[in-house]
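Please have your viewer ready and try each task before reading on.

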Amino acid sequence: MASSKLISCLLFLSSIAFLAQTVSSNYLYHFCSKSGNFTANSYYAQNLKNLLADLNSKTSSTGFSASSIGQKPDRSHGISLCRGDVSSDDCKSCILDASQELGKRCPYDKEAIIWYDSCLLKYSDDCFRGEIDNRYKFYMWNVAVVSKPKYFNSKMRELLGSLIDEAYWVQDLYATGEMKIGENEKLYGLVQCTKDLSNEECKKCLEVIVTELPHCCDGQKGGRDVGGSCNFRYEMYPFFNTP
């Protein structure tokens, strides 16, 4: 388990990475667990290869897929999730990029996770589906601050709270919305859970990460808390596609 000092460093680096992104790049972050390794020609390697191919082929149709391949102790488990407003073509492309990138960044780790702006991919030799992932998370924020942080924070919590109430009831466990916060200003928000969670677990996951707002994005004009099971994002500009 990483120390609090290391986690703080990772969060700071995540913020820098966020600001340095170009329009053409939407990689966000990744973790290699280091909890176990495999060799190139092992049974686990083949099971993982088949798992990623299965996730690549199935995710774009519904925006989510969960799969398990092989037998213990070489069984591989994985999930893939695309953001709720992403097209099927962009979803498929994102999952393919994510699987290839994890292969480069965590080549022999039995467990790893990667986030892009449009998708999430995670695999492990442990069956984790249906459980809230509190191990892997990171924050990103806009370095610009608002002039009235107390008012802004209250409106941000109000918007995210309403989106949580909407998201955990719907099949996609995803919701977006906007709120007027000034004469010429709006706040935009998004929340989403991985669809292996139950409705109640989704709500619980989102409510917990919203409590982390003071550590994540207090008074910042934009920010996100991204985890292995749920995430939120808010900005003062439209960043998601509407139907």
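**Exercise 1.** In which sense do β1 and strand β4 pair, and over how many bridges?

*Solution.* Start with the ground rules: this is a predicted model, in which local features need pLDDT of at least 70 and side-chain atom pairs count only at pLDDT 80 or more, while totals for chains, interfaces and linings use all residues. Residues are numbered from 1 along each chain as its sequence is written, and side-chain values use heavy atoms, with hydrogens and water left out.

Next, find the strands, which are DSSP runs (E, at least two residues) numbered from the N terminus. Two strands pair if DSSP finds at least two bridges between them. Here β1 and β4 (residues 112–116) run antiparallel, joined over five bridges. Within that pairing, Phe31 faces Ile113 of β4.

Finally, check burial, where buried means under 20% relative accessible area, exposed over 50% and partly exposed in between (1.4 Å probe, protein chains only). Strand β1 (residues 27–32) has six of its six residues buried, so the rest of the structure largely encloses it.

**Exercise 2.** Classify the ring pairs Phe38–Tyr44 and Tyr188–Phe240.

*Solution.* Take the rule first: rings of Phe, Tyr and Trp (its six-membered ring) pair if their centres lie within 6.5 Å; planes under 30 degrees apart are stacked, over 60 edge-to-face, and the rest tilted. This rule gives twelve aromatic pairs. For Phe38 and Tyr44, the centres are 5.2 Å apart and the planes meet at 50°, so this pair is tilted. Phe38 and Tyr44 are both buried.

Now turn to Tyr188 and Phe240: with 6.3 Å centre to centre and 65° between the planes, they are edge-to-face. Tyr188 lies in strand β8 (residues 186–193) and Phe240 in the segment after β10 (230–235), so to speak distant parts of the chain, 52 residues apart. Tyr188 and Phe240 are buried too.**Exercise 3.** Which rings have a charged end of Lys110 or Arg233 over them?

*Solution.* Apply the test: NZ of Lys or CZ of Arg must be within 6 Å of the ring centre and within 35 degrees of the ring normal. Lys110 places its charged end over the ring of Tyr44, 5.4 Å from the centre. For Arg233, the ring is that of Phe239, at 4.3 Å from the centre.

**Exercise 3.** Is Leu187 buried or exposed?

*Solution.* Locate Leu187 in strand β8. Its relative accessibility is 0%, so Leu187 counts as buried. Then look at its contacts (heavy atoms within 4.5 Å): not counting residues up to four places away in sequence, Leu187 touches residues including Phe152, Met179 and Tyr234. Leu187 and Tyr234 are 47 residues apart in sequence, yet 7.0 Å apart in space, C-alpha to C-alpha.

Notes. Helix = DSSP H or I, 4+ residues; strand = E, 2+ residues; numbered from the N terminus.
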